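Colleague: Take me through the labels on this one. I want the criterion behind each.

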Amino acid sequence: MSTTQNILRPAQRTDMAPAESIPWVRYALSTLALLIIALFLILPLVAVLFEAFREGVGAYVDAITDPYTGHAILLTLITALICVPLNTLFGIAAAWCIARFQFPGRSLLTTLIDLPFSVSPVIAGLVFILIFGSQGWFGGWFAGHGFPIIFALPGIVLATMFVTLPFVARELIPLMQEQGAEQEEASIMLGASAWRMFWTITLPRIKWGLLYGIILCNARAMGEFGAVSVVSGHIRGATNTLPLHVEILYNEYQFSAAFAVATLLAGLAIVTLIIKSIVEWRQQRQWENASS
Amino acid sequence: MSQRRSLLPGFGLSLGVTVFTVSLLVLIPLLALVTKSAELSLGELWHTLADRRVLAAFRVSFSTAFAAAFLNLFLGLIVAWVLVRYPLPLKRAWDSLIDLPFALPTAVAGIVLTTLYSPNGWLGQFFAELGIRVAFTPLGITIALIFIGLPFVVRTVEPVLQDLDRQQEEASTSLGASRWQTFRRVLLPPLVPALLTGFSLAFARGLGEYGSVIFIAGNMPMKSEIVPLLIVTKLEQYNYPGATVIALASLVVAFVMLLIINGLQQWTRQRTGRD
C-alpha cells in the first residue's frame, strides 16, 4: 500500500540537457509528449469553455444565475464546508498516532485509511444505502425520528467523507515520518504543554503538506459525482450538488447550460492546480532551507 | 525507541479519533456489504453473478480498464520522460496540468469527452470519416479511462526517472551500446516496478470509474455497460441484494488483481536486484 505514497506529488526536478541524446529523438519525443498533453488535457478544457458560450454570453449568464444552479452551488459549498474541516482534523489525528507511535494494528489502520482510494465511488454510495436506506440497518430509525440520511444532506456528507478520507492523512503520514519526532520531544522535555507543542512545533512544520492535502480534499469534495449520485436522489433544489446538476442539464439536452455550470467546476480545478503548484514550490523551499 | 516515543502526548486522543472515524466510515460500511451478501444463498449468489448481462459488464469493464492502463504505460512514460529529461518551454505549466484529471470533477470530464468524440465533435468527426465510432462504444470508454489514468503513470514514473544514475547510461553508451540497447538494458529495468505500480493504480481506478464513463459509454446492456453502472441500475430497481453481490464481487476481483500485480512487482525487483 505504500506504493502510492508519492503519486500525488511530482518530485523536485533539475533540468538536464543530455549531451549524448540524438536531436531528432528529442524533438520527436517532445512533440509527442506535448501532443498527448494538448489532446488529452488542454483540448477538453478549451472545449468546456467553447461549449459553454456556444449560445452566447446571455445564455451563459442565465444558466449560472438560475435558482437551481444557485441552490446546487450552495449545497456543494455546504458539503465541502462540513467535510473538509472534519477530514482535516481526522488527517492530523491519524498522522499523529501513525507517524509518532508504535502500536499493534498500525499497518492495518494505514491500509484501512487508504482503502477508499481503491473502492469504486458507486460502492461508496451503496454501502451507506445498505446501512441508512429504507431497508437498511438503521434507516428506519433515523427516518422515523425525522432525520433522514439517504436522499438528504447527511447521506451526501457521509459519501463525500468516505471518498475524501485518505487525502489529508496520506499527505501528512510520510511527511511526519520523514521529519522525525526529535523537535517535538525536545519541546515536551523543556516543559511545553501538548497544545503549545502542536501550535509552535508540529503545525508550522507540516503546514504546506497540510494545505496540499486540504486543497486536494476540497477539490474532490466539491467534484465528487458517483458516490453522491447514488445517495442523493437527485432532487432538484434540495439534494442536487453542482456535478449532479451538470448531469441533469446534460441529460435534458440543455448542453450549453450544462457546460456553463461545468465551467464553474473546471475553474475550481484550475484554481486547485495553481494553488497546488505554489504549495509544492513553497514546500520544496522549506525542505531546501531545512537541509542547508 | 518506544520508550522515547512515549514522551509525546496525545496518543490516546489521536488514536481514538482515528479508530472511531475509520470504523464509522470504512469498517462498518464494508462489513455491511459483506453481511448483506451473506444473507443470500449460494444458489442466489450464483444466479446473480452468472447472469449474462452481469458477465458482459465485467468483460467490458475489465477489457476497457486494461486497454486504457496498458496504453497509459506508453503515453505516461513518454510524457514523464520528456518532462524530466528535456528542456521545454513552460515546463512547470505542463507539469501542473498533468494532475488535471485528479482535479477536474468526473462529470465534467464525462460530458466534455462525449462532446469531443461524438460523431460530429471536434475529434469524433475524423474518426467518423474513417468509419470508426468512438462515443457510445467501448472505444469511448477506453478514451475516458486513458484521461483518468494518465496522471497515475506519469506521477509514479517521474520520481524514479529523476533518481536514475545518469552515469550508468553514460557508461553503457561509452562501452559501445546503442541507444536502444541502453534503453532496454539500463533504463527500463529500474522503471519496471514504477510502471507496474502506475499500471495497477490506473487499472484499479478504471474498474471503479463512473462519472467520466457513463456519458461517453452509451450504456447499452451487453455492449457498453460497465460494472459500476450495473450496480446503480440494480439499486434504482431496488434490487439491493443484486447490487450488493456485484459490488462485493468487483471489490474482490480488484483486490486479487492488485495482489497479483504486487507479487509481479516483488518478482521483478528481486530479478533486477533493486530495492
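Modeller: Start with α4(B). It has a kink of about 30°, centred on N72(B). The bend at a residue is the angle between axes fitted to the seven residues ending there and the seven starting there.

Colleague: What am I looking at, and how is it numbered?

Modeller: This is a predicted model: local features need pLDDT of at least 70, side-chain atom pairs count only at pLDDT 80 or more, and totals for chains, interfaces and linings use all residues. Residues are numbered from 1 along each chain as its sequence is written, with chains lettered from A and ligands numbered from 1 in the order in which they are written.

Colleague: What span does helix α4 of chain B reach, against the span expected?

Modeller: Helix α4 (residues 52-85) of chain B has 34 residues and reaches 49 Å from first C-alpha to last. That is close to the 50 Å expected at 1.5 Å a residue. The expected span is 1.5 Å times one less than the number of residues.

Colleague: Why is α3(A) called oblique to α7(A)?

Modeller: Helix α3 (residues 67-100) of chain A and helix α7 (residues 153-164) of chain A pack at about 40°, with axes 10 Å apart. That angle makes α3(A) oblique to α7(A). Under 35 degrees counts as roughly parallel, over 145 as roughly antiparallel, 65 to 115 as roughly perpendicular, and the rest as oblique.

Colleague: Which residues of α3(A) and α7(A) make the contact?

Modeller: T79(A), I82(A), C83(A), L86(A) and N87(A) of α3(A) meet I156(A), V157(A), T160(A), M161(A) and T164(A) of α7(A). Contact means C-beta atoms, placed from the backbone, within 7 Å.

Colleague: How many residues does each chain give to the contact between chains?

Modeller: Chain A gives 82 residues and chain B 83. Helix α1 (residues 23-52) of chain A supplies the largest share of chain A's side, 14 residues.

Notes. Axes are lines fitted to C-alpha atoms, for helices over the stretch in contact, and angles run from 0 to 180 degrees between N-to-C directions. Helices (H or I, at least four residues) and strands (E, at least two) are DSSP runs, numbered from the N terminus. Two residues are in contact if their C-beta atoms, placed from the backbone, lie within 7 Å.
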